[in-house]
Amino acid sequence: MSDRGSKIDEFIKLFLNAIEVEKSRRGLPLITDEKTNDPLFFDQRELRLRYLLPIKGIEDFFEGLVKGEVRYTRCKRCGRKYFPPQPDCSSCGTREMEWMRIEGTGELLTFSKVVVKPTSYLHYDDYIVGVARFPEGFNVLAWVRASDVSELEMGTPVRIEVERRQPENYLTYVLVPTKLGD
Amino acid sequence: MESAAVIGVGITRYGRITDRSFAEIAFEAAWEAMRDAGVDREGVDLLVVGNVGGWSSEPLPAVTISEYLGLDGNGSMRVEAACASGSAAIKVAADAVTSGQSEVAMVIGVERMNESPVTNVVELIGRAGNYFWEFENFGLTFPAYYALYANSYMQIYGAKEEDLAEVAVKNHYYGSLNPKAYFRQRVTVDDVMKSRYVAWPLKLLDCSPITDGAAALIVTSEGKAREFTDTPVYIRSIGTGTGTSNISRRDDLLGFDAVRKAAREAYRRAGIDPSRPHRQIDLALVHDCFTIAEVMAYEDLGFVRRGEGYMLVKEHQTYIGGIVPVNTDGGLKAKGHPIGATGVGMAVEVVKQLRRAADPQRQVDVRNGVALTHNVGGTGHYAYVAIYSI
């Protein structure tokens with residue numbers, strides 16, 4: 001957990017403590033809005049959300065990650081290629097797919113640096129996301145391994161690599177700029 | 001085919017609302033619309049609610065609102081098309097009255113985004129692309145999606161961050177003239193440029209705010225409209241389109257295919273020349289959730305050739321007096337963007353403008369008696385383009 005993450009945790013703790021004090025005092029979880037002074041009821045029910053996502057149809061993708069490969073699917077009937085990979089062909093409606101590895105060098109089409117982050121990403125430093133066109137014939141959206149957008153431009157050559165994302169410690173993929181002639 | 005007609009409109013102030021609950025803000029907009037239409041609560045036979053929710057506590061908004069308004073227990077539903085939910089709700093109501101399934105329908109767009117902390121709202125909107133492939137692993141945010149488009153647009157067409165800022169300057173100017181708008185203060189290009197990055201190259205003042213608010217319409221058929229009012233505004237067409245969920249599956253990152261498709265359909269059905277649509281309309285309300293979005297809207301709607309949209313605002317052609325006034329209410333940028341209410345709020349502005357009843361300094365010159373709304377859900381995921389006329 002980064003400094004930023006622990007600061008936010010600290011802030012939330014202070015806020016919750018203030019509510020507890022107010023509940024002990026008057027028996028009500030009421031707070032005053034800091035800008036308008038309007039009274040607000042602090043919801044006493046907290047719901048934590050995590051989904052269980054079926055991946056049987058794209059299990060090969062995850063097996064690929066374990067072997068250091070990022071894989072896509074190709075329809076055996078019509079030849080259409082899919083990344084993100086899918087086990088059903090949206091073109092011809094069949095389910096006869098073969099798995100292939102992304103091997104080419106892509107080029108960046110666009111990128112951005114995310115500064116204002118979602119709650120579940122607050123523990124990361126600012127991150128760079130990009131979309132790259134691959135010679136296989138599709139685009140890939142992923143983080144780009146760079147310290148700032150100034151290092152990147154449209155057309156920057158990138159490879160796709162498997163990386164173990166920390167602190168969650170799970171395998172995903174990243175776009176890595178290659179020096180020309182690399 | 002017969003058109004639907006808007007016979008009453010209502011809208012709350014937009015902003016960070018802490019003194020009125022979900023049902024209470026819906027009530028304000030709905031009763032204003034019923035009074036405007038001269039319709040009583042027993043006269044409403046269908047309630048269609050545009051709302052996204054998740055950040056607010058009511059999971060069944062249509063039911064909550066129906067009870068609170070004192071409606072008669074007739075049919076209701078919530079309609080979701082992300083930031084275009086309001087326009088989708090209007091489409092459902094318009095189809096219901098033109099098909100004869102409903103006589104008088106009420107549309108309410110309502111959102112209370114400030115019931116949750118900002119970072120949770122950022123997360124919930126960010127999840128509204130493709131969840132697993134774009135959010136789970138890469139934490140895309142709504143500003144980041146539009147930033148990918150902005151960067152692509154600027155690199156290919158040579159626009160600069162200062163050019164995009166001109167959209168914020170215009171829309172804050174009109175927001176300053178709209179008592180219902182969230183942001184009433186004017187800004188300069190310099191102010192926009194000095195605001196901090198949210199998702200490079202988009203800065204805080206390139207972005208619409210997280211907003212609470214509600215808007216409502218009363219809709220009936222063309223044939224019945226004059227029984228209620230002397231100033232009906234007709235919904236001549238609603239064109240629709242859907243983009244890919246994964247942004248990586250778009251052909252280009254310079255504009256939205258879904259919008260172009262929706263515009264073609266809306267123009268064809270309303271008899272608008274798609275090669276110069278701006279000549280037949282008196283104003284357009286477009287979906288400027290970010291400054292880049294308004295620039296792309298000019299191009300996707302055919303007001304200007306692709307790659308030239310940023311010049312249009314730079315040359316003040318989308319102010320009143322230019323080739324087509326755009327976002328005379330301040331747009332999402334300054335009026336605010338209470339997601340599910342936004343499309344309904346656009347319709348409210350169009351109706352007031354076509355009735356020549358907008359605030360005086362921002363009233364457009366009504367010559368054709370025709371106006372356009374352009375409401376985009378997500379990042380080109382849903383598109384609704386509608387043509388209204390008197």
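**Working chat on the two chains**

Modeller: To begin at the pairing between the chains, Lys113(A) stands opposite Trp200(B) in E5(B). This is a predicted model, in which local features need pLDDT of at least 70, side-chain atom pairs count only at pLDDT 80 or more, and totals for chains, interfaces and linings use all residues. Residues are numbered from 1 along each chain as its sequence is written, and chains are lettered from A and ligands numbered from 1 in the order in which they are written.

Colleague: In what sense do E6(A) and E5(B) pair, and over how many bridges?

Modeller: E6(A) and strand E5 (residues 197-200) of chain B pair in the antiparallel sense, over two bridges. Strands here are DSSP runs of E with at least two residues, helices are runs of H or I with at least four, and both are numbered from the N terminus. Two strands count as paired if DSSP finds at least two bridges between them.

Colleague: How many residues does each chain bring to the contact?

Modeller: Chain A brings 32 residues and chain B brings 31; two residues are in contact if their C-beta atoms, placed from the backbone, lie within 7 Å. On the side of chain A that touches chain B, strand E6 (106-114), strand E7 (127-134) and strand E8 (138-144) each supply at least two residues. E6(A) gives the most, with six residues.

Colleague: What is the make-up of that side of chain A by class?

Modeller: The side of chain A that touches chain B has 20 nonpolar, seven polar and five charged residues. Ala, Val, Leu, Ile, Met, Phe, Trp, Tyr, Cys and Pro count as nonpolar, Asp, Glu, Lys and Arg as charged, and the others, Gly among them, as polar.

Colleague: Where does Asp125(A) lie? And is Asp125(A) buried or exposed?

Modeller: Asp125(A) lies in the loop between E6 and E7 of chain A. Asp125(A) counts as exposed because it has 8 C-beta neighbours inside 10 Å. With C-beta atoms placed from the backbone, a residue is buried if 20 or more other C-beta atoms lie within 10 Å of its own, exposed if 12 or fewer, and partly exposed in between.

Colleague: Changing topic, which strands form the open sheet in chain A?

Modeller: Three strands form that sheet, in the order E4-E3-E5, and the pairing is antiparallel. Its edge strands are strand E4 (81-82) and strand E5 (97-101) of chain A, each of which pairs on one side only. Strand E3 (residues 71-75) of chain A and E4(A) pair over two bridges, and the bridge partner of Thr73(A) in E4(A) is Tyr82(A).

Colleague: On to chain B. How many helices and strands does chain B have?

Modeller: Chain B has 14 helices and eleven strands. Buried residues make up 63% of its 390 residues.

Colleague: Which residues are buried in H2(B)?

Modeller: In helix H2 (residues 61-69) of chain B, the buried residues are Pro61(B), Ala62(B), Ile65(B), Ser66(B) and Leu69(B). They line one face of the helix, because seen down the axis of H2(B) they fall within an arc of 130°; the arc is that of the directions from the helix axis to the C-beta atoms.

Colleague: What covers the buried residues of H2(B)?

Modeller: The cover includes helix H1 (22-37), strand E2 (46-50), strand E3 (75-79) and strand E4 (104-112) of chain B. Just after H2(B), Gly70(B) takes a positive phi of about 80°.
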